[in-house]
Amino acid sequence: DGKKSLFSGMQATGNLTLGNYMGALKNWVAMEEEYQCFYCVVDLHSITVRQDPAELRRRARALLTLYIAAGLDPVKNCIYYQSHVSGHAELSWILNCFTYMGELSRMTQFKDKSAKHADNINAGLFTYPVLMAADILLFQADVVPVGVDQKQHLEITRDIAERFNNIYGDVFTIPEPYIGKVGAKIMSLQEPEKKMSKSDENVNASIYLTDDPDTVIRKFKRAVTDSENQIIYSDDKPGIKNLIDIYSIAANKTVDEVVREFDGKGYGDFKMAVGEAVVSVLKPIQEKITELNKDKAYIDGIIKANGEKANYYATKTLRKVQKKVGF
Ligand code: ADP
Ligand code: NA
């Protein structure tokens with residue numbers, strides 16, 4: 001139909017955090033009416049670092065299940081596995097031939113990852129941004145929801161698409177970044193100058209979407225703040241600012257409303273309230289995961305149907321590209 005399309009994906013490595021939910025998933029749920037949405041479990045990207053196969057398979061399924069449990073309607077949204085759509089790899093090869101070594105060497109993520117995995121600096125790690133470009137261009141995405149950390153990847157995607165279009169005519173839609181409406185960046189509970197990340201080694205720094213209520217409350221109680229005991233929204237108080245942001249999203253209140261609500265109260269009460277609000281957000285998601293995990297056939301059906309749907313759109317683009325280059 002006439003809807004604009006949207007592409008996004010997440011790696012199946014690591015447990016999703018409250019940051020992933022409040023910065024990405026929650027926004028995604030609100031877009032299904034306006035856009036034709038493709039959400040990919042990017043398992044091809046995962047093998048640029050060594051993975052245990054059974055574990056990768058388990059995590060990919062858990063991520064897809066979580067997408068649905070977080071509220072993404074799997075009929076309105078095409079939620080699928082990257083490895084089930086061979087067009088990703090095929091387009092990626094073609095685009096490799098339209099990407100320069102120089103532009104790939106400038107990608108900060110390659111520099112970071114090759115420093116972290118010095119024993120395995122493989123070619124996949126280097127060409128990772130080309131696969132990411134292929135992911136997006138395969139679905140002719142008009143918009144891509146991006147965090148600040150991913151801007152560079154979208155820029156290279158646009159550069160590659162424009163380069164290709166300049167040679168062959170209007171083949172690819174040039175994707176625009178989409179900054180979510182809620183858009184808050186959730187920070188680490190232990191180092192509030194750093195973003196909350198599923199790859200943080202300190203488990204107390206992040207709230208995982210699968211954390212039980214006691215764990216959530218305990219982590220908020222231990223959250224790093226300051227010694228003032230005043231609930232004020234200020235960059236000088238990153239710990240409290242982050243807790244206000246979290247509470248405001250979880251309780252669906254404005255920052256001003258939150259500050260007024262806790263005027264004169266101490267950090268102990270406030271942390272407890274934030275913890276309880278987050279528990280209420282996570283409860284229905286966790287219940288839904290339990291329910292979905294009982295119905296293996298349902299999830300299998302979603303994976304199959306959406307894989308076919310994604311393949312249909314991917315093949316359309318791929319045929320067009322193949323013809324242009326002479327296949
Ligand atoms: P992580 O750092 O947790 O591994 P990714 O880089 O895989 O997360 O990002 C997945 C999605 O979640 C992206 O859309 C990203 O912008 C969003 N995201 C990740 N961490 C946060 C955060 N702390 N606050 C808000 N959004 C986040
Ligand atoms: Na990512």
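Q: How many of the 13 residues of α10 are buried?
A: This is a predicted model. A residue counts as buried if 20 or more other C-beta atoms lie within 10 Å of its own. Among those that pass in α10 are Ile240, Leu243, Ile246 and Ala250. Helix α10 is largely enclosed by the rest of the structure, because the buried count is 10 of 13.

Q: Which elements are included in what covers the buried residues of α10?
A: The buried residues of α10 include Asn242, Asp245 and Ser248 as well as Ile244 and Ile249. Their cover includes α1, α11 (255-261) and α12 (267-293).

Q: Why does the end-to-end distance of α10 agree with its length of 13 residues?
A: Helix α10 runs over residues 238-250. The expected span is 1.5 Å times one less than the number of residues. That rule gives 18 Å for α10, so it agrees with the distance between the end C-alpha atoms, 18 Å.

Q: Which residue just after α10 takes a positive phi?
A: Helix α10 ends at residue 250. Just after α10, a phi of about 55° is found at Asn252.

Q: Which elements give two or more residues to the side of domain 1 that touches domain 2?
A: The contact takes 10 residues from domain 1 and 11 residues from domain 2. On the domain 1 side, the elements giving two or more are α1 (18-29) and α3 (53-69).

Q: How many charged residues are on the side of domain 1 that touches domain 2?
A: By class, this side has seven nonpolar residues and three polar ones. The number of charged residues is none.

Q: Which residues is Val41 in contact with, leaving aside its neighbours within four places in sequence?
A: Contact here needs C-beta atoms within 7 Å. Beyond its sequence neighbours, Val41 touches Gly9, Met10, Ala12, Ala60, Leu63, Leu64, Tyr81 and Gln82.

Q: How far apart are the end C-alpha atoms of residues 12-20?
A: The unreviewed UniProt entry annotates residues 12-20 as a short sequence motif, the 'HIGH' region. The span is 33% helix and 0% strand. Its end C-alpha atoms are separated by 12 Å.

Notes: Residues numbered from 1 in each chain as written. Chains lettered and ligands numbered in written order. Predicted model: local features only at pLDDT ≥ 70, side-chain atom pairs only at ≥ 80, totals over all residues. Contact = placed C-beta atoms within 7 Å. Helix = DSSP H or I, 4+ residues; strand = E, 2+ residues; numbered from the N terminus. Nonpolar A, V, L, I, M, F, W, Y, C, P; charged D, E, K, R; others polar. UniProt positions renumbered as here; feature names shortened; annotations may be inferred. Buried ≥ 20, exposed ≤ 12 C-beta atoms within 10 Å, placed from the backbone.
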